[in-house]
Amino acid sequence: MSKNKPLQKLELTWIGKGEEPKLEPRILIENPEYSYGDPNTENMLIHGDNLLALKALEQDYAGKIKCIYIDPPYNTGNAFEHYDDGIEHSLWLNLIKPRLTLLRNLLTDDGSIWISIDDDESHYLKVLCDEVFGRKNFVSNVIWEKKYAPQNDAKWFSDSHDHILVYAKNKETWRPNLLSRTEEMNSIYKNPDNDPRGVWASDNLSVKTYSKNNDYTIITPAGKSYNPPSSRCWVVSKTKFEELVNDNRIWFGKDGQGMPRLKRFLSDVKDGKVTKTIWQRVEVGDNQDAKREVKIFNNINIFATPKPEKLIERVVYLASNKGDIVLDSFLGSGTTAAVAHKMGRKYIGIELGEHAKTHCFPRLKAVVDGEQGGISKAIEWNGGGGFKFYTLAPSLLKQDKFGNLVINQEYNADMLAAAMAKQEGFKYQPDEHTYWKQGKSSEHDYIFTTTQFLTVEALEVIHDEMQTGESLLICCKAFQGACQGKYGNITIKKIPQMLLGRCEFGRDDYSLNIINMPTSSEQDSLDLQDQQDIEDVSVQQILDKDKTVKKKNNDTLSLFD
């Protein structure tokens, strides 16, 4: 390979890749009307655009989320009541990728993400996740049996399963919990020889991987000879085998003539079992179970695509422990939050639609009150705890009548201070005694935001109160020229000028407002050179009111500006 030739890598490429938005780090505002239960709870229900909400969480929760489960719109082309679900592949990937990037940042080093998807985008999503999380961190593709009865009106095959893609933040250190052993599993263990070590089950003593040292003849107590089956060998060496015989860990049958088998005691096996990659509906529920569960909380406006609590219970059980934080940024009807609450996990749920109030809130309220649906009886849930309901603050800057960006008048002094702390990477934590210590980025580095005109005299007062080694960033609307550079440990920045160009202020919606592409009749009406394929049409142009498409210097139209 030439030294000047750039190193190539395998990756998925699509129209618009790399044009990711500059997100504004918003603050979260609690809405007490929809908060419920324990006032000291750390559980969060966030109503707002999930991309902005994830950005809002990044500063405080980076590296702290143990388990993420998401159930994004599947891009099936069907119009659901609660999600507009149907989009061209490139746009779908552009909407998913920045969310996955932020979600990865939130995971703990031993955390994992579980993504429900169907065949329409599962393979694209797999390659995209390989890029975001690293192919080496791919754990498995779980198959969930979501339907029982076949669809007789299906043109080709009756769709009966979904995928759950599983990725670890670091596969080398991540391990799933073991599923609890069942009575059926334990029933195979017996004790026909009254071994004082308890019940046991016999296991095959031969293996496929051949080793000459482990290929020998075994003589049973009754004098019968056995050799390993053809092309196989014994699992242990002859010396080790003799040790096992002396320890009464080899079973030759009641008459001493049987093929030698290894005794495995129930006391020696793992406390649970490793999960398999096919999850049947009898184990974890199906779509009908899920719809029955959500009807309890809203039987008038039934959520279209819920997941059963038993399915989410398995994910949460495998991927977290009590006290860990579970996050779902496509909360839907609230199943993940409800299950995490019942299982003693902390949780963060994000939902854009009004069903954050019409579905998620009443469901979680009922969970706190001890509802007995879903997994409640199986895990003996009796209620308790609480959650807080948050909304995203409006954009910090907005345009005035002249088109200039100015501080949003909806921000009061506290909101502005909190927003500026987040913008500058400080943790908003006002000091009880020192007014200018509103937040800190380290032990001795502080931030102070004020809308008042900063004078030299006021700056001197602050400087005199500062201790040796302390530094301060002051964000203000205006200041005397003599203030700039007066003290080496004080930096002064002017708002809003200091924020311009950082991010997309004034944009409140990065949602998956997925549209159905034009029908053939609509496509024919578009003035496209050489009858270009619909994938070459700019989505923004399709959304324009006049539905017109302009030619760009006779070049092929890009999907994105």
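1. Contact, as the word is used in this note, means heavy atoms within 4.5 Å. In that sense, and leaving aside its neighbours within four places in sequence, Asp195 is in contact with Trp200, Asn248, Lys263 and Phe265. The structure discussed here is a predicted model, and the remarks below should be read with that in mind.

2. Asp195 itself lies in the loop that runs between helix H4 (183–186) and strand E9 (200–204). Despite this loop position, Asp195 counts as buried, because its relative accessibility is 4% and the cut-off for burial is under 20%. One of its contact partners, Lys263, is also its partner in a polar contact, made side chain to side chain at 2.8 Å.

3. The side chain of Lys146 makes a polar contact with the side chain of Asp162, at 2.8 Å. When neighbours within four places in sequence are set aside, the residues in contact with Lys146 are Asp159, Ser160, His161, Asp162, Asp286 and Asn287.

4. For the chain as a whole, the secondary structure comes to 14 helices and 27 strands, and 47% of the 561 residues count as buried. Among contacts with a separation of 6 or more, residues 24 or more positions apart account for 69%. The chain exposes about 29600 Å², of which carbon and sulfur atoms supply 48%.

5. Helix H1 (residues 50–61) and helix H2 (residues 89–106) have axes that come within 9 Å and cross at roughly 20 degrees. Angles under 35 degrees count as roughly parallel, and H1 is therefore roughly parallel to H2. The contact draws on Asn50, Leu51, Leu54, Lys55, Leu57, Glu58 and Tyr61 from H1, and on Pro98, Arg99, Leu102, Leu103, Asn105 and Leu106 from H2. The crossing of H1 past H2 is left-handed.

6. H2 also meets helix H3 (residues 122–133), and there the axes come within 10 Å and cross at roughly 35 degrees, in a right-handed crossing. On the H2 side the residues involved are His89, Trp92, Leu93, Ile96, Lys97, Leu100, Thr101 and Arg104, while H3 contributes Tyr124, Leu125, Leu128, Cys129, Glu131, Val132 and Phe133.

7. Thr335, Ala337, Ala338, His341 and Lys342 of H9 make the contact with Arg363, Leu364, Val367 and Val368 of H10, and H9 passes H10 in a right-handed crossing.

8. Helix H11 (residues 413–423) deserves a separate point, because 9 of its 11 residues are buried and the helix is thus largely enclosed by the rest of the structure. The buried residues are Met415, Leu416, Ala417, Ala418, Ala419, Met420, Ala421, Lys422 and Gln423. They pack against H1 and against a set of strands, namely E1 (28–30), E22 (405–407), E23 (427–428), E25 (445–450) and E26 (471–476).

9. Both ends of H11 show a local feature that can be checked in the viewer. At the start of H11, a side-chain oxygen of Asn412 reaches to within 3.2 Å of the backbone nitrogen of Asp414, and just after H11, Gly425 takes a positive phi of about 80 degrees.

10. Finally, Ile462 belongs to helix H12 (residues 456–465) and counts as buried, because its relative accessibility is 1%. Not counting residues up to four places away in sequence, Ile462 touches Tyr435, Trp436, Phe448, Leu472 and Ile474.

Conventions
Residues are numbered from 1 along each chain as its sequence is written. This is a predicted model: local features need pLDDT of at least 70, side-chain atom pairs count only at pLDDT 80 or more; totals for chains, interfaces and linings use all residues. Side-chain values use heavy atoms; hydrogens and water are left out. Helices (H or I, at least four residues) and strands (E, at least two) are DSSP runs, numbered from the N terminus. Buried means under 20% relative accessible area, exposed over 50%, partly exposed in between (1.4 Å probe, protein chains only). A polar contact is a pair of N or O atoms within 3.5 Å; within protein, one must be able to donate a hydrogen and the other to accept it, and residues adjacent in sequence count only if both atoms are side-chain atoms. Accessible areas come from the Shrake-Rupley method with a 1.4 Å probe; for residues, only the protein chains shown count as cover. Axes are lines fitted to C-alpha atoms, for helices over the stretch in contact, and angles run from 0 to 180 degrees between N-to-C directions. Angles under 35 degrees count as roughly parallel, over 145 as roughly antiparallel, 65 to 115 as roughly perpendicular and the rest as oblique. A crossing is left-handed if the near helix is turned anticlockwise from the far one by less than a right angle, and right-handed if clockwise.
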